[in-house]
Amino acid sequence: MNDLNNNNIVREYNDFLENKKCFSPNTIKAYIKDILHFTSFIQNSNFNSNLIYTNNQTIRNYIFYLKQKKYSDKTISRKITSLRVFFKFLVNEEFVANNPAEYIQNTITKKKLPEFLFYEEISTLLNSLKMEKPIEIRNKTIFELLYGTGMRVAELTNIDIEDLNLDDSTVKILGKGSKERILPLSNPVKIALKNYFNIRELIPRRKCLHSKSKKALFLNCFGNRLSARGVRMIINDNIQKISLIKRMSPHVLRHTFATHLLNGGADLRSVQELLGHESLSTTQIYTHITKSKLVEVYKNTIPRK
């Protein structure tokens with residue numbers, strides 16, 4: 001690279017994440033956003049504004065700045081990780097000699113157990129969803145698919161009609177890092193999908209029918225592919241209509257799926273494959289949930305308190 005200015009460095013890094021690491025667009029966007037934030041910090045401070053002259057002290061000052069701005073420990077840890085990966089790339093490409101972020105310790109964060117719903121709660125939720133209007137049938141299908149497969153919201157919104165094989169009871173999805181995996185579909189999910197297919201044409205408003213997507217499985221009222229933000233709004237709107245006290249998000253349905261599988265006797269490796277986790281250690285957090293449930297059951301049912 002002839003001109004090592006910040007724009008060129010970030011552009012090279014983006015190409016590396018996309019073409020060599022094969023990260024998903026969302027992951028790349030997150031990494032680049034963190035680096036641009038750090039770049040903005042050094043350009044507005046009394047440090048050398050070129051990224052290749054960053055040293056250990058500059059990063060420490062950046063962390064201090066983040067704490068002053070009341071960034072959460074989790075966010076600071078993520079930004080440190082982003083910087084470590086970025087400068088490792090610069091070292092490997094011989095743009096810099098050392099990684100100034102290598103020995104910066106991540107902010108210690110207390111790991112929270114993922115929230116999940118007990119079987120009675122998820123049953124109450126699914127049974128409470130109305131199916132009188134086409135849009136309600138679509139929403140019920142979304143809930144059934146998220147809970148019945150444990151897929152991520154981004155994976156759900158990217159599903160095309162051709163990815164479904166109802167005869168084989170499977171769906172093909174594109175996960176993180178553009179990795180494909182095949183997920184089985186339960187009978188309740190298949191029934192919900194068949195109901196949805198009967199009314200899919202009725203989801204877009206009449207004036208938007210001409211722009212209706214032929215590929216996307218889930219449509220919004222404009223006939224376009226339903227977005228991840230749209231799914232979150234659907235979930236929030238429906239949760240408010242029932243008396244669940246727990247905070248709800250699309251990921252809670254994913255956590256619930258994994259927890260119920262393990263409580264039902266599924267082995268950890270199978271759950272890892274279904275969730276699309278690269279590392280088994282990521283899946284192991286759900287064993288803590290199942291153990292906590294056993295403790296709760298024990299405390300509530302032991303005869304002698």
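Visitor: In which helix do Y13 and F16 lie?
Guide: Helices (H or I, at least four residues) and strands (E, at least two) are DSSP runs, numbered from the N terminus. Y13 and F16 are three residues apart, about one turn. Both lie in helix α1 (residues 6–20).

Visitor: What kind of model is this?
Guide: Residues are numbered from 1 along each chain as its sequence is written, and side-chain values use heavy atoms, with hydrogens and water left out. Local features need pLDDT of at least 70, side-chain atom pairs count only at pLDDT 80 or more, and totals for chains, interfaces and linings use all residues; the model is predicted.

Visitor: How many helices and strands are in the protein chain?
Guide: Take the chain as a whole. Of its 305 residues, 43% count as buried (under 20% relative accessible area; exposed is over 50%, partly exposed in between; 1.4 Å probe, protein chains only). The count for the chain is 13 helices and three strands.

Visitor: How many aromatic pairs are there, and is the pair of Y13 and F16 stacked or edge-to-face?
Guide: Rings of Phe, Tyr and Trp (its six-membered ring) pair if their centres lie within 6.5 Å; planes under 30 degrees apart are stacked, over 60 edge-to-face, the rest tilted. The whole structure holds 16 aromatic pairs.

Visitor: Is Y13 buried or exposed?
Guide: Check its relative accessibility, which is 0%. Y13 therefore counts as buried.

Visitor: How do the rings of F38 and F87 meet?
Guide: Their centres are 6.4 Å apart, with planes at 85°. F38 is in helix α2 (residues 25–43) and F87 is in helix α4 (residues 73–92), so the pair links distant parts of the chain, 49 residues apart. Both F38 and F87 are buried. The angle makes the pair edge-to-face.

Visitor: How many salt bridges does a search of the whole structure find?
Guide: Side chains of opposite charge can pair when their charged atoms come close. A salt bridge needs a side-chain nitrogen of Lys or Arg within 4 Å of a carboxyl oxygen of Asp or Glu. One network of them links D34, R78 and K79. The search finds ten.

Visitor: Why can K140 and E144 meet, and at what distance, N to O?
Guide: They are four residues apart in helix α6 (residues 134–149), so about one helical turn separates them. K140 is buried at 14% relative accessible area, and E144 is buried at 11%. Their salt bridge spans 3.9 Å, N to O.

Visitor: How many residues apart in sequence are K215 and D160?
Guide: Their side chains meet in a salt bridge of 3.9 Å, N to O. K215 lies in the loop between α8 (187–199) and α9 (228–239), and D160 in the loop between α7 (153–157) and β1 (164–165), so the pair ties together parts that are 55 residues apart.

Visitor: Within what arc do the buried residues of α11 fall?
Guide: In helix α11 (residues 268–275), the buried residues are L268, V271, Q272 and L275. They line one face, because the directions from the helix axis to their C-beta atoms fall within an arc of 105°.
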